[in-house]
Amino acid sequence: MVQAKAQRDSSPLLAVRNLRTSFQVEGRWTRVLNDVSFEIGNRQTLAVVGESGSGKSVTAMSIMRLLPPATSRIEGEVLFGGRDLLKLPSEEMRRIRGGDIAMIFQETSLNPVYTIGFHMVETLRQHRNLSAAEARREAVALLDKVRIPSAASRLDDYAHQFSGGMRQRVMIAIALACNPKLLIADEPTTALDVTIQAQILQTLRDLQAEEEMSILFITHDMGVVAEMSDRTIVMYHGDAVEEGETRQIFAAPRAPYTRSLLAAVPRLGEMAESPGPSRFPVIDRATGAVVAPAASGSVPDGSAPIILQVEDLVTRFDIHGGALGGLTGRVHAVEKVSFDIREGETLSLVGESGCGKSTTGRTIMGLTSPNSGSVRMEGREVGSLGRRELRMTRRRMQMIFQDPVSSLNARMTVGTAIAEPFLVHKLGGKAQARDKVADLLERVGLRPDMANRYPHEFSGGQRQRISLARALILDPKLIIADESVSALDVSVKAQVINLMLDLQSQLKLSYLFISHDMAVVERVSHRVAVMYLGEIVEIGARAAIFGNPQHPYTRKLLSAVPVADPYQRGQRRIEVSELKSPVRAVDFVPPNREYREVSAGHWVQLADN
Amino acid sequence: MILWLLKRLLQAVLVMVAMSIIVFVGLNVIGNPVDILISPDADQAERLRVIAELGLDQPLVWQYVEFLKAALQGDLGNSYVFNQPALQVILQRMPATLELAVIAVGFATLVGLPLGLYAGLRSQSWLAKFLMAGSILGFSLPTFWIGLMLIMVFAVQLGWLPSGGRGETASLFGLQWSFLTADGWRHLLLPALNLSLFKMALIMRLTRAGVREVLPQDYIRYARARGLTEQRVISLHVLKNIMIPIVTVIGIEFGSVIAFSVVTETIFAWPGMGKLIIDSINVLDRPIIVAYLLLIVVVFVWINFAVDVVYTLLDPRVRLGQKGSAR
């Protein structure tokens with residue numbers, strides 16, 4: 001008896017053997033998973049990590065049999081508690097979904113037209129024999145468990161009335177409804193801000209201990225892997241290229257792909273010794289050999305001319321509402337923001353969603369008009385310029401966006417798209433434009449003959465290169481990069497950042513780099529400005545901000561970044577808090593802020609007194 | 001919400017005023033009702049007498065003001081032809097059109113929605129493809145032709161159903177209704193079917209498109225991952241999300257059936273408002289035309305209002321009368 005129990009405990013909860021999944025695409029069967037095998041023990045966390053298209057989500061969907069049966073084929077064995085899930089009748093499989101195996105996705109997966117209470121009650125009643133009233137009571141208890149404040153009163157709210165972090169808590173609560181043995185989490189924190197992500201990960205770890213669950217955690221973020229998992233599988237193009245203890249994989253990756261992936265992961269604090277930005281090392285995916293080592297980028301000296309000067313910039317948006325549609329409040333998106341950027345310098349604006357960093361960029365570009373303040377580009381006041389001069393100035397600064405899909409016209413060849421600004425500004429004829437496009441495509445690492453293709457023929461990283469080429473055709477001095485690399489896969493992100501650094505040293509470009517990703521920011525910037533609720537709370541040289549953060553918010557932000565080091569797993573705790581909103585009453589007068597100079601060029605906002 | 005309601009009401013009144021002006025001016029341009037109403041051999045004195053009696057000797061502006069004054073007291077003038085209050089004439093015909101419209105739209109929804117659901121869920125099956133191809137016919141075949149064919153087949157050849165008229169009626173709320181008697185139903189069936197075919201095809205295609213759009217959404221995958229039965233996923237999570245465009249179309253189509261079911265009513269000799277308005281236009285019976293158009297505006301305003309209210313019930317993110325701050 002005792003022996004039998006021990007036997008059961010040591011046998012894995014879930015054993016996946018030779019999982020092979022194929023999709024039918026235009027009549028042909030295409031293999032998307034090749035013989036993936038792994039096991040998850042009781043109370044263990046297994047991370048499945050990989051870039052887009054690696055098959056990590058398909059693995060989870062195959063285990064749960066959630067792929068459309070008509071166009072997909074799953075082979076192999078998925079043993080869960082001794083039963084092969086792939087052979088179960090569909091009705092029994094349905095009872096396992098949401099019962100013994102629960103799933104959470106990105107927090108946007110709640111049905112927008114039903115209340116969260118509806119979601120919870122329907123899940124509870126589907127699996128457990130409860131009356132409507134009992135299910136509601138249970139739902140409140142579950143919301144309490146995931147620490148949602150005043151749970152009972154929020155049951156009849158809809159998903160859009162919750163913040164992202166709270167929505168993810170709701171999903172976790174629903175997952176816990178039937179005491180699952182295994183929780184499959186498919187990129188649950190990808191769209192969340194870093195402080196919120198840290199809270200959610202912590203909640204998951206706490207609940208795992210309480211509920212004695214196993215977790216299959218799917219992510220693309222190596223930092224989250226290090227933070228969460230005991231074991232890790234690295235996936236690449238449908239193959240599990242490496243499987244093992246997480247610590248082992250981080251310390252001594254065996255597969256060449258894992259090595260190239262880890263090399264592309266920016267790690268907070270690794271730049272402490274380096275004065276300027278630094279290229280990512282390039283590692284060949286096939287062989288694992290180092291093709292190009294990490295190299296420092298250029299550092300502008302103090303005598304370089306100032307390119308952009310922003311002073312006391314204020315941008316507010318009116319909110320109308322109420323019975324008569326009157327002014328009910330204002331979003332103080334940008335509040336007295338001042339900074340300058342020298343030639344060849346990168347200033348990063350960091351902060352979480354709603355902090356006003358994107359609005360700052362858009363206001364500088366003139367896409368949003370400021371309420372007050374001044375923006376001087378190469379000494380000329382942008383706001384006071386006439387139409388023609390404004391166009392001239394616009395040529396000197398260009399913007400690239402997060403989503404290269406929607407910022408490139410799908411019906412225009414990329415050659416035409418790149419040449420368009422050149423022709424609009426009448427900088428030369430068509431032949432000249434063609435030559436310049438060819439030259440730029442080469443510069444951003446593409447081939448000149450690609451000019452005749454359409455955007456959909458390119459990958460996300462390539463499209464971002466095209467956006468860069470289009471920005472560069474006007475020979476700008478300043479590029480405003482608004483979350484330009486945020487949506488890219490790790491290795492592609494590293495390549496685009498390397499390209500941006502190369503262009504900077506070749507062309508003496510200045511960057512205003514807007515990002516929420518602290519690790520990337522550390523990698524690329526000379527100076528950093530931390531924004532919080534529309535204001536800059538701390539600004540200074542990169543080494544000063546990362547090495548000697550003074551403002552409490554900067555510290556909180558830094559401590560929330562997942563550390564790609566499994567030995568530091570779960571060491572930090574972060575208090576549960578929500579992002580504050582910059583919406584203020586109509587008569588709100590922003591307080592006068594004072595700044596203290598910590599060291600040369602490192603300023604920090606003094607706390608409210 | 002209250003503000004929104006007031007705005008809506010104001011809009012409706014403005015539309016009605018604009019409509020009445022357009023109609024008044026427009027009608028004044030085309031022809032003289034006196035020419036049609038009086039026999040050609042009537043003498044000049046007789047003509048003048050009739051013109052004065054109908055108020056047609058006054059300036060147009062004055063006629064309009066007189067009309068407005070009377071309209072505010074619920075009097076839209078007397079029909080030249082029937083010599084009865086215009087509103088009363090129209091309201092007598094209204095039940096016929098109303099029941100035809102309700103049954104036609106109801107039929108289109110009850111058949112179109114399930115077929116569209118099926119076509120969306122099993123888009124690869126031959127039946128779905130057949131339905132989709134069939135719906136093209138529903139769009140493209142002219143109503144009058146289908147009506148004639150229906151009469152040919154079911155009334156003339158098979159002799160199952162009558163070819164026209166309302167049949168036996170029964171009284172409810174003081175009005176005469178066909179749907180209360182079996183014979184009335186027999187008369188209703190063909191015209192209702194004829195009217196509903198186009199709408200059925202429309203609703204079916206819309207439903208299918210909605211289902212195809214909603215199925216790949218995360219919340220559907222999530223609903224399945226929670227172990228909900230397929231039936232529940234479809235009937236609750238899919239259906240509610242695709243209803244907004246469908247409700248819009250049902251509303252618009254309902255309005256247009258009430259207003260413009262002329263062709264069908266003519267073919268099936270259905271004594272509804274559509275037939276009345278055509279007859280009135282032929283004899284330039286101005287009070288009837290004006291009253292009819294105003295009534296139709298009211299009907300459309302009410303349908304749109306109902307549709308908007310249904311939106312908020314379907315999707316909590318829709319808030320009436322509240323404008324979000326535009327970024």
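Phe144(B) sits in helix α7 of chain B, where helices (H or I, at least four residues) and strands (E, at least two) are DSSP runs numbered from the N terminus. The model is a predicted one, so to speak of local features takes a pLDDT of at least 70 and side-chain atom pairs count only at pLDDT 80 or more, while totals for chains, interfaces and linings use all residues. Residues are numbered from 1 along each chain as its sequence is written, chains are lettered from A and ligands numbered from 1 in the order written, and side-chain values use heavy atoms, leaving out hydrogens and water.

Helix α7(B), residues 143-157, is the top contributor to a nonpolar patch, giving six residues. The patch covers about 830 Å² of surface and is made by Phe144(B), Trp145(B), Leu148(B), Met149(B), Met152(B), Val153(B), Leu158(B), Trp160(B) and Val263(B). Patch residues have over 30% relative accessible area and no salt bridge; like charges are joined within 9 Å, and nonpolar side chains (Val, Leu, Ile, Met, Phe, Trp, Tyr) within 5 Å. Accessible areas come from the Shrake-Rupley method with a 1.4 Å probe, and for residues only the protein chains shown count as cover. A salt bridge puts a side-chain nitrogen of Lys or Arg within 4 Å of a carboxyl oxygen of Asp or Glu.

Over in chain A, four strands make an open antiparallel sheet, ordered β2-β1-β4-β5; two strands pair if DSSP finds at least two bridges between them. β2 (28-40) and β5 (83-84) of chain A have a single partner strand each, so one side of each goes without a neighbour in the sheet. Helix α2(A), residues 56-64, packs on this sheet and touches β1 (14-25), β2 and β4 of chain A, at about 105° to the direction of β1(A). Contact here means heavy atoms within 4.5 Å; axes are lines fitted to C-alpha atoms, for helices over the stretch in contact, with angles from 0 to 180 degrees between N-to-C directions. Strand β4(A), residues 72-80, is joined to β5(A) by two bridges, and Phe80(A) faces Arg83(A) in β5(A).

Chain A also has an open, mixed sheet of eight strands, running β18-β19-β20-β15-β21-β22-β25-β24. Helix α17(A), residues 490-507, lies across β15 (346-350), β19 and β20 (510-515) of chain A, at about 155° to β20(A).
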